[in-house]
Amino acid sequence: MLPKKELTFLDSAKNRLRVRRYFYISLVILLVLDLFIPKHGHFAWENAPSFYAVYGFIACVSLIFVAKILRLLVKRKEDYYD
Amino acid sequence: MINGLPPAFIFLAGTVLVPLLKGRLQSAYLLTLPVVAGLDILLLPEGSSSATMFLDYTLIFCRVDRLSLAFGYVFVLITFIGMVYALHLKDNLQHMAALSYAGGALGVTFAGDLFTLYFFWEVMALASVVLILARRTHDARLAAYRYFMWHFFGGICLLAGIIMYTITRGTTAFDVIGLSDPASALIFIGFCLNAAVFPLHAWLPDAYPRATVTGAVFMSALTTKSAVYILARTFPGNDILLWAGAFMTCFPIFYAVIANDMRRVLAYSLINQVGFMLCGIGIGSPLAINGVVAHAFCHIIYKALLFMSTGAVLHMTGKIRATDLGGLYKTMPYTALCCIVGAASISAFPLFSGFVSKSLTVAAVAEAHQVVVWLMLLFASAGVFHHAGIKVPFFVFFGHDSGIRSKEPPLNMRIAMGMAAFICIFLGIYPAPLYAILPFPVQFSPYTPFHVLGMLQLLMFGALAFTMLVLSGYYPPELRAVNLDTDWFLRLPGRAFISFCHRPLQAARSSIEGWVRVIITGFKKLPALSVTVEKSLDWFFHTLLVALPDGILRVIRPLKTERDELAWSVMYILLPFIALIFAILFTFP
């Protein structure tokens, strides 16, 4: 059960790049597939090309920037309550 | 069998035997109890049974219908998995607390009247406090105290509401209540506190990261989800819940992004997931209620899986902060894999359990034409993938190499994680058994090409955003810090309130003592009299006057923590609450 050796797959920059490349390829495939499938969205905008991809991307970017602002407001030293 | 045996009793009575058993026998016993309770639930007759008269009220311990059964199944299932996960522990206190906690949750689930509900509600609160205390650190003890205060407040609201409700409506039925008068409002507040509705949520991210490794698994499963069950029964179709739920899906993800403690990230994402369920309750249609139950079922399993895998890391390395961890996949690949399965499930990746359950709720929201709520849920779906789906596995198991080379956790932990991971994948691929136990017939198929592709696009492009932000250095760095939440409003003014109470009392005491000293000096000329007077004064001030507070103190002394004021603050908080109860009782009828 326990591995005798460490896994070091992600240590090499080449492998990390390879993983990222497969990830980007899968994104392209998702965008291409979007053109061919039948759409039955409940709201009209759901049927716009790649609505979900655009929404997901924008949501996550705005999430991070809002979180950064939130951190400015609520961050305190670790011993704040002590 | 006409009268079913309430499954809660199996756990509560079974708890007593735990300290008498040792070693393998105890392990076997701990695993047998959930199995017996599970069989008992399968045998329970439909309808209300196991009723007892108490004073003028009927207490119903077994109200069995499809809604309570579904929650009963999953509570027993997670108790079994949690017990497997906790088997290595040599801590009877934790085992007993976990069993009574599960008993409380099942009692709430199968309760048929409000008094039975209240009783088991408080059993849950007490048992879960022990699971925080059992961490046995200074930090955990203080957190347990705060947790207890929150739930004490919720419990008092609930009890006051139930009493008022019983008087005005003349019924103790635990059924649709509907928000209409002060009584139902108090009940609503009590339930909402346990469901971690904003702004009553702060106890959750405060206490869960400080609970024991195994305790957090039970806590993540039982308290909030039993509140979801109760709200689904008592306040379906409530607009406040719809909007509160939608807000709850969104605001915690911002906190989760900047939280450093991994179990705190999970605690915030737990609030986010409960938000989805409350939205479903707010809609209240059969499809939505199905979504709530399905989501609660899947959520309990994958959230426990996430708490188990991060707990395994904490157990093995003693560290849980993102700033201390990273690169653990090298020596803990199995734990990493389980964590990824949990992360994929909570993110609702197709072929994982979250996908088949969250879709129901989201579809119900769309069907009700709640456009804004729908957009918020979609935002939250992308957001939950961002923090629970990517951040947790990435910063713990990948990311920068922390240099920690830890072994995999003990066998029982690995088995428990494996079971939960299996259920996540099984239900994701084959949701039919889950759909079969939902309260209403299901005509829904999550796997349409459009739906699968839409979800994949949403998630993968969210992941793209994460990748780009991390690579470009815009991602907020992990920092050791405290992030303020709504509990600030209680913690600092609360402290001020206690010292405010202390100061005048101290001043009064020292001035009285000063006067006493003056009088005694006067008496010095008559030694015999002065001795008598001094003794009686001493008795008056130090025995008679402090008899009541002293008596209360003696009772609550066992709660003693490292902070001496604890006993005092418990008393200060208890007295107004007791006064409140009496005020309600006297003014209301």
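A word on conventions before the chains themselves. Residues are numbered from 1 along each chain as its sequence is written, while chains are lettered from A and ligands numbered from 1 in the order in which they are written. Because the model is predicted, local features need pLDDT of at least 70 and side-chain atom pairs count only at pLDDT 80 or more, whereas totals for chains, interfaces and linings use all residues.

Let me start with chain B, which has 22 helices and 3 strands; here helices are DSSP runs of H or I with at least four residues, strands are runs of E with at least two, and both are numbered from the N terminus. Its C-alpha atoms fill a box of roughly 100 × 60 × 55 Å along the principal axes. The radius of gyration, taken over C-alpha atoms, can be set against a globule rule of 2.2 Å times the number of residues to the power 0.38; for 589 residues a compact globule would come out near 25 Å, and the 26 Å of chain B agrees with that. Buried residues make up 52% of the chain, where buried means that 20 or more other C-beta atoms, placed from the backbone, lie within 10 Å of the residue's own, exposed means 12 or fewer, and partly exposed is in between. As for contacts, meaning C-beta atoms within 7 Å, residues 24 or more positions apart account for 80% of those in chain B with a separation of 6 or more.

What does the largest nonpolar core look like in terms of residues? A core here is a set of buried Ala, Val, Leu, Ile, Met, Phe, Trp, Tyr and Cys residues joined through C-beta atoms within 7 Å, and the largest one has 218 residues, with B:Leu231, B:Leu377 and B:Ala420 among those having the most contacts inside it. Helix α12 (residues 286-317) of chain B gives the largest share, 21 residues. Leaving aside residues up to four places away in sequence, B:Ala420 touches B:Ile81, B:Ile301, B:Ala304, B:Leu305 and B:Met308.

A second residue worth a look is B:Ile271, which lies in helix α11 (residues 262-283) of chain B and counts as buried because 24 C-beta neighbours fall inside 10 Å. With the same exclusion of residues up to four places away, its contacts are B:Ala196, B:His201, B:Leu204, B:Met248 and B:Pro252.

Chain A, by contrast, has 2 helices and 1 strand, in the order α-α-β along the sequence. Its radius of gyration is 21 Å, well over the 12 Å that the globule rule gives for 82 residues, so chain A is more spread out than a compact globule. Of those 82 residues, 16% count as buried.

Finally, how do the chains meet? In all, 42 residues of chain B are in contact with 41 residues of chain A. On the chain B side, α18(B) gives the most, with 15 residues. That side divides into 30 nonpolar, 7 polar and 5 charged residues, with Ala, Val, Leu, Ile, Met, Phe, Trp, Tyr, Cys and Pro counted as nonpolar, Asp, Glu, Lys and Arg as charged, and the others, Gly among them, as polar. Strand β1 (residues 75-76) of chain A pairs with β3(B) in the antiparallel sense over 2 bridges, pairing being called when DSSP finds at least two bridges, and A:Arg76 stands opposite B:Val482.

Methods:
Two residues are in contact if their C-beta atoms, placed from the backbone, lie within 7 Å.
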